[in-house]
Amino acid sequence: MTGADNGATLQLSVHDNGGGISPERLEQLGKHVVKSDRGGGSALYQMRESLNLAFDGRATLDIRSQLSIETEVILTLPKRSKAW
């Protein structure tokens with residue numbers, strides 16, 4: 001896991017060297033509830049929706065993957081200058 005202060009945003013990144021995600025599944029992750037063998041398949045979708053609500057659409061959750069090589073998940077959050 002890495003983190004970076006990019007001025008107006010904070011970026012957190014998690015990277016693995018696992019099996020990657022197929023392009024078809026990657027296209028759906030976070031945008032819809034996706035059927036899963038290990039759970040309900042809604043966590044990434046719910047997270048993206050919550051980020052949109054909390055940060056007025058200014059936060060992003062990006063998933064990048066190369067099948068059979070790696071996956072990286074990048075969360076970018078805007079910094080707030082005022083208290084919540």
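Colleague: Which strands each supply at least two residues of the lining of the largest pocket?

Modeller: Strand 2 (9–16) and strand 4 do; strands are DSSP E runs of at least two residues, numbered from the N terminus. A pocket is an open set of 1 Å grid points where a 1.4 Å probe fits, with protein on both sides within 12 Å along at least five of seven lines, and lining residues have an atom within 4 Å of a point. This is a predicted model: local features need pLDDT of at least 70, side-chain atom pairs 80 or more, while totals for chains, interfaces and linings use all residues. Numbering starts from 1 along each chain, and side-chain values use heavy atoms, without hydrogens or water.

Colleague: Which residues line the largest pocket?

Modeller: Val14, His15, Asp16, Ile21, Leu29, Leu44, Thr71 and Val73. Strand 2 gives the largest share, 3 residues.

Colleague: New topic: which side chains of strand 3 are buried?

Modeller: Leu61, Ile63 and Ser65, which point to one face of strand 3 (residues 60–66). Buried means under 20% relative accessible area, exposed over 50%, partly exposed in between (1.4 Å probe, protein chains only).

Colleague: Where does Ser68 sit?

Modeller: In the loop between strand 3 and strand 4. Its phi is near 70°, positive although Ser68 isn't glycine. Ser68 is exposed, at 62% relative accessible area.

Colleague: What about the phi of Asp56?

Modeller: Positive too, near 50°, and Asp56 is exposed at 63%.

How values were computed:
Helix = DSSP H or I, 4+ residues; strand = E, 2+ residues; numbered from the N terminus.
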